Structures are given as structure tokens and as C-alpha cells.
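Subject: Structure handover

Hello,

Please find the structure below. My notes on what was found follow it.

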2 protein chains.
Amino acid sequence: MAYDLILQNIARHINLTPGEQDHFISLLKPEEVKKKALILREGQLCNNIYYVNSGILRAYHLDKDAKEATIMFALSDWWITDMFCFINCQPAMLFIEAVENSSIVGLQKKDLDQLLIEVPKFERFFRIIMQNAYIREQLRVIQNLSLSAEERYHSFLTKYPQVVKQVTQKQIASYLGITPEFLSSLKVNKTKN
Amino acid sequence: MAYDLILQNIARHINLTPGEQDHFISLLKPEEVKKKALILREGQLCNNIYYVNSGILRAYHLDKDAKEATIMFALSDWWITDMFCFINCQPAMLFIEAVENSSIVGLQKKDLDQLLIEVPKFERFFRIIMQNAYIREQLRVIQNLSLSAEERYHSFLTKYPQVVKQVTQKQIASYLGITPEFLSSLKVNKTKN
DNA sequence: TTAAATTCTTAATATACCTTAACTCCTTTG
DNA sequence: CAAAGGAGTTAAGGTATATTAAGAATTTAA
């Protein structure tokens, strides 16, 4: 397991000394996950935030009718967790599964909390990570409120072309908040126009 | 204009020395806004993040059919801005208006950037602010995807009882992503059951 | 390599929510 | 205080999207 990618990810925002880099890496728990394996289940304590080295993860929620709502896809170089439950030490609301075989690293809540105290530079790093995540979700809320299903689909295609290649339409539909049948019919109309 | 409230807001997460407090306060621009006044318009540069001392603000987006989508309400003790445009120095996508006469303080982007460098403790503070904002938006996305209009309405009533008292139903409807007419009909059914 | 399972598609029917419109009740403002 | 505009309500009719079901295509697993 190479840590280049995650160190680059961090170096985009803060500069670590070699010692700080080593300390940070010592906290990481690398993990290889097989396609369809779950790294988090609803109801479990969510103790880890994950960085995706390669592969792709998907976080989803199951509603009372067992319908899936995809909350996010995490490609290579993304961070993912059930943030509410991670921060508040609550049982997870989300499932996180590997869409493809993936290589990830986990960082435990207690280790992160201590890291933020010992190396306060990381506060800046995670401020930026959280800020970007907030902005992403806010843009999604805006689109959910003001675009039709078809418009959201096209926006998704242009915003996440890499994800489109790696996940099923059923999963894209559950991200957009529509049924796979309706997504299928949208594609037909697109070809016709 | 008293700065107790905003200092308490900050003291909930970090400890400032008296000197740091004074420095921080020197960066703030207090402003009294009248009901219905806009403090940000779509297309303007969004140079400020605002803290609400008293009153209530509303951020909304206008879609291509001039339909409003309410993105957030900010009560007393909340922070609000068009985060994407604030961070990226882009023209705003959002309008921010005062729902009632409000007393707010603005903090300019350039002053915040410098503050984060001069007093790095603020990185922790804004990390927590961004984190909470991210969690809020993510919960909203989950609800938008998995609840019916009626369920979202009831959830809103219990989550933001204070907001319910201060804004119109039209504004609540535009937050929920439904028409005021439909919200009105939901209330009738609730009474009947 | 085949059987089983899952995904994708198509189409008919159903429904949650929208649109329009008309009326009442408030609130704002001159 | 009167007039005008906006907010809330109700109801009829319309549309975007869901549901159900069945067959075809693809993937998974034995």
C-alpha cells in the first residue's frame, strides 16, 4: 500500500514536515475491500472516516420501504463517511459499500481528534474538506429543488463522467431520486430529440 | 451593537485571549437590515459571510422560471452566506434577504483569510462550522430523497419550530420543494386525520 | 459453461404533486 | 382610513414521475 496519493491530497492544502507525514501515516489503517462488501452498516457505530485510494465506494440510506437513496459516490482521492454519526458517535444511518474492488485507508475518530490537537495544521485541512463537502451538498439541494429529473440526470452526466462509467443506472437513479424505470425512459427520449 | 452573542458563539468551540477577541471584533461590520431588504443579489460578488445577531435571514435561488427555492433560513446565532461563491470569489447564485428587521455582522473574505493565518485557532472554529453545515445539508438530501412532501413538512415543523413562527407558508413550501397550494392542502388533511 | 440472479427496457396504469383560477383574509402603504 | 398587493385556501384539471409486470440483456456464481 502506497501513501503517495493521500499525501498529495493533503499537500494540496497544507505543508507537513516529514515527521508529521510519518505520524499521520502511522494512524492510517489500510484495507482492501471486495466489490459489494459493506464497510459500514446502518446501526453500527461509525468510528472511521475513509480515504479512497483506488476503486469506488457508495453511501446509501434505506428508507422505511427498503428503498435505497444514494447519498454519495466516492471515487479515488475522495474522503467518505457517515459524517453525522462519525462526529457525534451515533449509530450509522448509512450503508457504505464498495461498488468495485477498492483500496482504502481508514482513520479512526479518536486518532483524528488527537491529531487535530497535536498537529493543528490539520484543522485547516479538514476545514477545507468540510467546506468543499458543504458546498457540494448545497449545490445538490439547489438542483434537487429547481431542476427536473431529466435536467438532474444531464447535470450528473457532465459533473461525474467517471462515476457514470463505474456504477449501474439503478445506482444513478437512486442518487437522482427517481426510479430506474423512469431513468431508462429518460434516456430514450434523449436519443429521440 | 453588542458583540456578546458572537463571542459566545465562538467560545463554544475555541478559547480566545482578550487581544484576539478585540482583533476579531475589529474585523466585523455591523449592519441593520430592514425587513425584505436584500443583503446579497444573484450575480453580485459575494464578499461577506454574515452572522445573525437578531432577526432572521433567508437564502434563496431563482430558477429559469423565476421560481424561488429556499436554501436556508438563518435565525439568531447562525452564520450564512452563498458559500460556493464566497469561497471561490464567484458571482452569487443566491439572494439573501431579511425576513424580519435584523441585526447582523459581516466578515469580509479577505479579512477572514488573513484571520485564519494570523490566528490559526479560527481554523478549528470554521472547521466545526463547515462540518455542521455539511451534516445539515446531508440530512436534508437524505430527507429529500426518502420522504414524501408531507413527511418533510412534519419534520420541518419539529426541527425548526422557531422558523415556523417567523416565516410565511410560501417560504416554507419553497424550502420543502413544493407549491404553497399543495402545502395548504397537506395541512387540511393533517387536521382531518 | 451453464443456471441463477440482477439489471435494463418497455408499456400500461396509477398517483403525488403542479397549474390555474377564483375567493377571502391580512398586511402594507399612501 | 382606503386601496392595493400579497398570502392563504379550495377545487378542477393536468403532468411528471411511480408502480407493476413481463421480457431481454447482462453479470454472477456454481
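Buried area here means the accessible area, taken with a 1.4 Å probe, that two parts lose on being put together, summed over both. Between chain A and chain B this area is about 3500 Å², and carbon and sulfur atoms give 70% of it.

Some conventions before the rest. This is a predicted model, in which local features need pLDDT of at least 70 and side-chain atom pairs count only at pLDDT 80 or more, while totals for chains, interfaces and linings use all residues. Residues are numbered from 1 along each chain as its sequence is written, chains are lettered from A and ligands numbered from 1 in the order in which they are written, and side-chain values use heavy atoms, with hydrogens and water left out.

The interface

Chain A brings 38 residues to the contact and chain B brings 38 residues, where contact means heavy atoms within 4.5 Å. There are 6 salt bridges between chain A and chain B; a salt bridge is a side-chain nitrogen of Lys or Arg within 4 Å of a carboxyl oxygen of Asp or Glu. One of them joins A:Glu123 to B:Arg127, with 2.8 Å between the closest N and O atoms.

On the side of chain A that touches chain B, two or more residues come from each of strand 5, helix 3 (83-88), helix 5 (121-146) and helix 8 of chain A. Helices (H or I, at least four residues) and strands (E, at least two) are DSSP runs numbered from the N terminus. Helix 5 of chain A gives the most to this side, with 18 residues. By type, the residues on this side of chain A are 20 nonpolar, 8 polar and 10 charged. In this count Ala, Val, Leu, Ile, Met, Phe, Trp, Tyr, Cys and Pro are nonpolar, Asp, Glu, Lys and Arg are charged, and the others, Gly among them, are polar.

The largest pocket

Pockets and cavities were found on a 1 Å grid over the protein atoms alone: a cavity is a set of points where a 1.4 Å probe fits but cannot get out, a pocket is an open set with protein on both sides within 12 Å along at least five of seven lines, and lining residues have an atom within 4 Å of a point. Grid points are joined across faces, edges and corners, and a volume is the space filled by probe spheres set on the points.

The largest pocket holds about 440 Å³. It is lined by 22 residues, and A:Arg58, A:Glu68, A:Lys170, A:Gln171 and A:Ser174 are the closest to its centre. Helix 8 of chain A gives the most to this lining, with 4 residues. The lining of the largest pocket has 8 nonpolar, 6 polar and 8 charged residues.

The cavities

There are 4 cavities of 30 Å³ or more. The largest cavity has a volume of about 230 Å³. Of its 17 lining residues, A:Arg140, A:Phe156, A:Lys159, A:Tyr160 and A:Tyr175 are the closest to the centre. Helix 5 of chain A gives the most to the lining of the largest cavity, with 5 residues.

The second largest cavity holds about 160 Å³. Among its 13 lining residues, the closest to the centre are B:Arg140, B:Gln143, B:Lys159, B:Tyr160 and B:Tyr175. Helix 5 of chain B supplies the largest share of this lining, 6 residues.

Regards
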